[in-house]
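Open the structure in your viewer and keep the selection panel at hand. Each stop below says what to select and what to look for there.

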Protein chains: 2
Amino acid sequence: MKIICSKSNLLKSVNISLKAVPSKTTMPILECILMDATTNQIKFTTNDMELGIETIVDGHIEEKGMVALDAKIFYEIIRRLPDNDVTITTDSNFVATITCEKAKFTIPGKAGEDFAYLPVIEKDESLTLSQFTLKEMIRQTIFSIAVNENNRLMTGELFEIKDNCLKIVSLDGHRISIRKMPLKKEYSDRKIVVPGKTLSEISKILSGEIDDQVSIYFTKNHILFEFDQTMVVSRLIEGEYFRIDQMLSSDYDTKVSVNKKEFLDCIDRATLLVREGDKKPIVIEIKDNSMELKIDSAMGSMNEEIDIEKDGKDILIGFNPKFLIDALKVIDDEVIHMYLMNPKAPCFIRDDEENYTYLILPVNISQNQNR
Amino acid sequence: MKIICSKSNLLKSVNISLKAVPSKTTMPILECILMDATTNQIKFTTNDMELGIETIVDGHIEEKGMVALDAKIFYEIIRRLPDNDVTITTDSNFVATITCEKAKFTIPGKAGEDFAYLPVIEKDESLTLSQFTLKEMIRQTIFSIAVNENNRLMTGELFEIKDNCLKIVSLDGHRISIRKMPLKKEYSDRKIVVPGKTLSEISKILSGEIDDQVSIYFTKNHILFEFDQTMVVSRLIEGEYFRIDQMLSSDYDTKVSVNKKEFLDCIDRATLLVREGDKKPIVIEIKDNSMELKIDSAMGSMNEEIDIEKDGKDILIGFNPKFLIDALKVIDDEVIHMYLMNPKAPCFIRDDEENYTYLILPVNISQNQNR
């Protein structure tokens with residue numbers, strides 16, 4: 001094999017490929033990038049058996065061939081080369097020579113035959129979004145997936161297409177995040193669960209530009225994202241996702257409108273008095289026109305008032321401050337609306353169009369109050 | 001006590017004070033900032049028993065007093081406050097209340113009496129430099145102090161004043177770094193060893209501006225730095241520093257002039273094939289007009305040629321690449337000069353005026369060559 005690519009093109013493609021290289025594996029071949037120049041295109045493939053990426057590299061093929069090279073070493077080499085054309089050649093033993101200007105690297109490679117190719121996805125109906133939208137929808141929900149694997153379904157996100165609307169849902173037992181996006185075309189109804197890891201890796205590769213498109217295809221066991229010169233295939237999580245509709249209610253006894261930044265800064269200040277692992281709730285007392293936040297810990301105490309607009313009853317309620325912070329951080333609106341029922345019922349933060357809904361369970365503070 | 005300071009002034013002073021707060025200590029009082037408003041000035045003091053810092057805070061004293069507050073908690077509070085005036089009051093039990101706009105924090109404090117005050121330094125002759133110069137001289141030598149404490153003297157830097165010239169020296173047994181700076185005034189000769197930790201902390205506080213001055217005072221056991229509104233006092237390391245003059249030689253058999261960036265980038269590329277802890281030397285073969293760098297490891301091999309100017313004999317020599325990288329990184333010159341004698345004698349990198357001299361011991365490569 002002999003290929004010539006610019007350093008910048010190589011680096012871009014290697015960076016994409018690295019997202020599907022497992023950090024630990026019992027199959028050393030998976031730590032490689034498969035470089036396939038057997039056709040008229042140079043194609044890099046990586047696969048950690050859950051997530052697979054294939055990306056086309058702009059470059060010139062002088063001699064067709066294929067080789068698998070250790071992804072991390074290859075990345076480190078390319079990264080440090082001068083900004084110029086890079087030539088990669090292999091001999092019959094798959095030893096690769098990488099040259100750029102006067103620098104010459106020689107590293108051992110492997111035949112590509114053992115490589116686990118990506119599953120072939122039958123492309124029928126595709127869902128097309130802007131890369132910006134998909135990236136934003138992931139960012140605004142991914143924080144509330146469960147970290148531990150006790151319940152596999154909680155480590156993924158529900159992608160639901162219904163009534164020409166895409167809905168992404170994540171939940172971890174204490175909170176639910178929902179993002180909705182009306183679709184421009186007609187689509188058939190679908191419901192799948194995508195691994196959180198896939199989504200966080202893909203959002204690192206997506207350009208985030210509103211004019212760049214991404215096409216999404218679904219099969220029974222896989223999801224395929226196609227964008228730019230890249231294809232990302234991921235297994236799905238099997239099983240039926242939680243029925244959340246019964247947990248969502250539009251009833252409320254108290255509605256609060258508050259400046260998001262003021263609220264976030266205030267919670268941020270309060271949490272500095274909470275040591276990690278300590279489960280101190282933040283206590284919020286909602287009255288007409290003002291909301292008082294209070295926290296009391298071994299390190300000291302803090303309280304602060306914020307101006308609000310309120311409809312309905314006064315309420316005293318406690319929250320895990322992290323859950324409020326996580327949700328507030330991803331909301332772009334300047335003013336947010338909170339809907340509350342009573343100190344034991346979930347609090348909803350949502351916009352009027354319900355493009356986003358964040359449900360957060362409160363923490364029992366009656367004990368704290370009786371002290 | 002009741003004082004009012006702007007958030008930004010407080011934050012600046014707390015940031016400076018934190019540099020002398022020990023991360024671990026058996027004396028909890030040392031984890032505090034002593035706030036002294038008993039005179040007409042607000043003064044913050046911290047002291048880890050080796051390094052002490054006193055800094056004046058611009059602000060207004062409404063009620064004189066003194067309190068010691070946990071430095072890290074106080075920092076976290078100030079950092080998160082809105083950008084406005086901050087009021088700090090204490091009651092008779094040293095409980096401090098910190099208010100800013102509508103935010104109010106209450107944290108426990110301590111009486112200042114147990115605090116370890118800074119030693120009083122008798123100020124006689126002072127050495128005055130620009131903060132830029134001192135910061136640069138530290139940066140250009142600090143990397144070659146020894147990390148482990150087997151030899152206390154190696155963990156510090158020699159400050160030597162002789163013939164109206166300040167010389168800073170550090171060494172770790174494998175290399176020596178020397179920076180010289182001619183002084184504008186006459187000074188009496190001095191020789192002291194300053195702890196490396198003191199120098200790295202102080203260089204974080206120095207402004208780095210060429211127009212800002214720093215005055216340095218020496219006593220038998222202490223060094224005092226005075227700049228802006230801050231005083232830093234440090235213990236010295238006792239003992240006589242290594243005699244390095246006999247190790248320095250201006251004889252050479254080979255002189256090489258090379259572009260610093262090219263050389264550094266090339267070594268950087270070579271080292272990616274060396275796993276951490278692996279003691280692979282980089283082999284440099286110096287011929288007329290070109291220098292070839294080679295490295296061979298279990299991960300692969302690399303070689304590259306660089307254009308040079310050479311006087312004297314050809315030479316083949318090996319180095320620990322890290323030592324070359326450390327020295328090259330802090331040199332500002334575009335072209336550097338290396339002086340070599342033979343593959344077992346130290347290599348010198350120095351400028352014509354000997355403002356800087358880096359001595360690096362080579363690594364024996366004869367075994368590698370015999371393979």
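Before the first stop, one term: two strands pair if DSSP finds at least two bridges between them. Helices (H or I, at least four residues) and strands (E, at least two) are DSSP runs, numbered from the N terminus. This is a predicted model, in which local features need pLDDT of at least 70, side-chain atom pairs count only at pLDDT 80 or more, and totals for chains, interfaces and linings use all residues. Residues are numbered from 1 along each chain as its sequence is written, chains are lettered from A and ligands numbered from 1 in the order in which they are written, and side-chain values use heavy atoms, with hydrogens and water left out.

**Stop 1**

Select β5(A), β1(A), β7(A), β8(A), β9(A), then β21(B), β20(B), β19(B) and β23(B). In that order, these nine strands form an open sheet with antiparallel pairing. Which strands stand at the edges? They are β5 (60–63) of chain A and β23 (315–319) of chain B. Each has a single partner strand, so one side of each is left without a neighbour in the sheet. From one strand to the next, the twist averages 15°. For angles, axes are lines fitted to C-alpha atoms, for helices over the stretch in contact, and values run from 0 to 180 degrees between N-to-C directions.

Now zoom in on the join. Strand β9 (residues 103–108) of chain A runs antiparallel to β21(B), and four bridges link them. Find A:Lys104: opposite stands B:Asn303 in β21(B).

Next, pick strand β21 (residues 300–307) of chain A. Four bridges connect this strand to β9(B), again antiparallel. Here A:Asn303 faces B:Lys104 in β9(B).

**Stop 2**

Select A:Ile61, in strand β5 of chain A. Leaving out residues up to four places away in sequence, A:Ile61 touches A:Lys2, A:Ile3, A:Ala37, A:Thr39, A:Asn40, A:Gln41 and A:Ile42. Contact means heavy atoms within 4.5 Å. A:Thr38 is 23 residues from A:Ile61 along the chain, and their C-alpha atoms are 9.0 Å apart.

Then show helix α1 (residues 7–18) of chain A. This helix lies across β1 (2–6) and β7 (85–90) of chain A, at about 95° to β1(A).

**Stop 3: the interface**

Show both chains again. How many residues does each chain bring to the contact? Chain A gives 25 residues and chain B gives 25 residues. Together they bury about 2300 Å², 56% of it on carbon and sulfur atoms. Buried area is the accessible area (1.4 Å probe) that two parts lose on being put together, summed over both.

Four salt bridges cross this interface (a side-chain nitrogen of Lys or Arg within 4 Å of a carboxyl oxygen of Asp or Glu). Pick A:Asp307 and B:Lys102: their side chains form a salt bridge at 2.8 Å, N to O. On the chain B side, β21(B) gives the most, with seven residues.

**Stop 4: a sheet within chain B**

Select β14, β11, β12, β13, β26, β25, β24, β18 and β22 of chain B. In that order they make an open sheet of nine strands, with antiparallel pairing. At the edges are β14 (190–195) and β22 (309–312) of chain B, each pairing on one side only.

Inside this sheet, four bridges join β25 (residues 347–350) and β26 (residues 356–360) of chain B. Look for B:Cys347, opposite B:Ile360 in β26(B). Helix α4 (residues 196–205) of chain B lies across β11 and β14, at about 80° to β14(B).

**Last stop: B:Phe143**

Select B:Phe143, in the loop between α3 (131–139) and β11 (156–162) of chain B. Its contacts beyond four places in sequence are B:Arg175, B:Ser177, B:Asp326, B:Ala327, B:Val330 and B:Tyr358.
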